Amino acid sequence: TSILGNANLANASLGIHNGAGSYIENIETAAMRAGELCNQMLTYAGHGRFNLEAVNLNQLITDMTRLLELTVSKKTVFKYHLTDHLPLAHADPSQIRQALMNLVINAAEAIGDTSGLITINTGMMRAERHYLTETYLAPDLPEGDYLYIEVSDNGSGMNNAVKNRIFDPFFSTKFTGRGLGLAAVLGIVRSHHGALKVYSELNRGSTFKLLLPLENEPKSGERRAIENQNAQLSGTILIADDEESVAAVTARMVEALGFKAVITENGRRCVEAFKENPADFALVLLDLSMPEMGGEETFRELRLIDPAARVILTSGFNEEDASHRFSGKGLTGFLQKPYNLKELRALISQAIDS
Ligand SMILES: Nc1ncnc2c1ncn2[C@@H]1O[C@H](COP(=O)(O)OP(=O)(O)O)[C@@H](O)[C@H]1O
Ligand SMILES: [Mg+2]
């Protein structure tokens with residue numbers, strides 16, 4: 001099912017290029033990528049609970065070099081500049097490995113079949129306000145020292161139109177791309193209270209720089225304020241989606257917004273989880289078409305348990321069709337797939353306020 005589902009997803013994102021023959025190709029590619037996907041899912045085990053610990057980034061990278069080299073073509077050369085005596089990072093090592101892997105795969109794909117160079121740097125830097133405002137996620141982070149991991153390639157680079165959309169789930173310029181790699185990286189960095197900087201020049205290459213907080217840094221008033229601010233957005237969101245990769249990326253997005261995520265793979269499981277303690281969930285994100293128990297029936301059941309339950313429906317069908325079926329039934333919102341982080345954030349904050 002997962003392989004077929006991914007073939008479907010790939011299909012959907014292929015759009016106009018999609019001929020009859022490409023269908024089988026999609027399935028094959030999905031199967032080939034199953035390993036990568038499994039990996040992505042595995043880091044997800046524990047439903048997005050992060051285990052933050054003191055991490056030696058240089059060691060983490062050194063331990064991965066063989067794996068990274070196996071991942072890319074033989075014509076690609078790796079260069080490492082790992083700054084000595086680096087302080088420890090406050091991070092979840094498996095999440096950082098996943099982020100690094102996604103960035104290196106992209107770098108390798110940007111280089112393609114020609115010979116190329118991927119550089120991985122680590123270091124510590126002082127990030128001032130003006131620097132932070134130009135990063136993703138970080139405009140509100142405190143100024144100060146950050147550790148960084150930087151992945152550079154001399155591959156295809158990106159134009160601005162592409163660069164503006166790279167973090168949108170399902171956005172891909174690749175024939176067989178799933179567009180989930182950078183969405184996952186963004187979620188990971190956000191959960192670390194880190195930042196992400198992207199430089200890219202068409203036909204020259206790209207650099208992705210992850211900024212991560214140091215371990216044991218005394219908490220400044222500023223940082224505490226940010227944590228409080230995130231606490232206001234705290235709460236758990238229950239996700240029901242039978243498509244694993246969609247559920248996982250949705251969970252990452254939800255976490256990026258400051259919530260905890262609980263994933264259920266069908267309507268029945270969703271109702272069971274909700275029933276246990278309805279007050280635990282600030283919101284339910286419900287996929288319309290699922291086996292076992294579809295969105296419509298699930299919605300009814302949830303409302304029976306708690307008439308005030310906030311439910312946002314997500315669907316690949318167009319909104320008119322779907323919301324028509326739910327009109328007057330107290331649906332909190334509707335989200336058309338594929339959606340991006342901005343759309344999700346807007347709808348969730350609207351729902352939570354209501
Ligand atoms: N290192 C890079 N060089 C050039 N383009 C990149 C790079 N990394 C990401 N991109 C662009 O961002 C898009 C989204 O990346 P990602 O989320 O990993 O999805 P996918 O790799 O499946 O396409 C890619 O399709 C590509 O256009
Ligand atoms: Mg990718």
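A: Ten salt bridges are found when the whole structure is searched, a salt bridge being a side-chain nitrogen of Lys or Arg within 4 Å of a carboxyl oxygen of Asp or Glu. The structure is a predicted model, in which local features need pLDDT of at least 70 and side-chain atom pairs count only at pLDDT 80 or more, whereas totals for chains, interfaces and linings use all residues. Residues are numbered from 1 along each chain as its sequence is written, chains are lettered from A and ligands numbered from 1 in the order in which they are written, and side-chain values use heavy atoms, with hydrogens and water left out.

One of the pairs joins Arg 269 to Glu 265, whose side chains meet with an N to O distance of 2.5 Å. Arg 269 also forms a salt bridge with Glu 272, and here the closest N and O atoms are 3.9 Å apart. Arg 269 and Glu 272 both belong to helix α11 (residues 267-276), and because they are three residues apart in that helix, about one helical turn separates them; helices (H or I, at least four residues), like strands (E, at least two), are DSSP runs numbered from the N terminus.

As for the setting of these side chains, Arg 269 has a relative accessibility of 40% and therefore counts as partly exposed, a class that lies between buried (under 20% relative accessible area) and exposed (over 50%), as computed with a 1.4 Å probe on protein chains only. Glu 265, at 40% relative accessibility, is likewise counted as partly exposed, and Glu 272, at 44%, is partly exposed too.

Another pair is made by Arg 126 and Glu 128, for which the closest N and O atoms lie 3.7 Å apart.

Thr 236 is found in strand β8 (residues 236-240), and, leaving aside residues up to four places away in sequence, Thr 236 touches Lys 260, Val 262, Asp 280, Phe 281, Ala 282 and Leu 283, contact here meaning heavy atoms within 4.5 Å.
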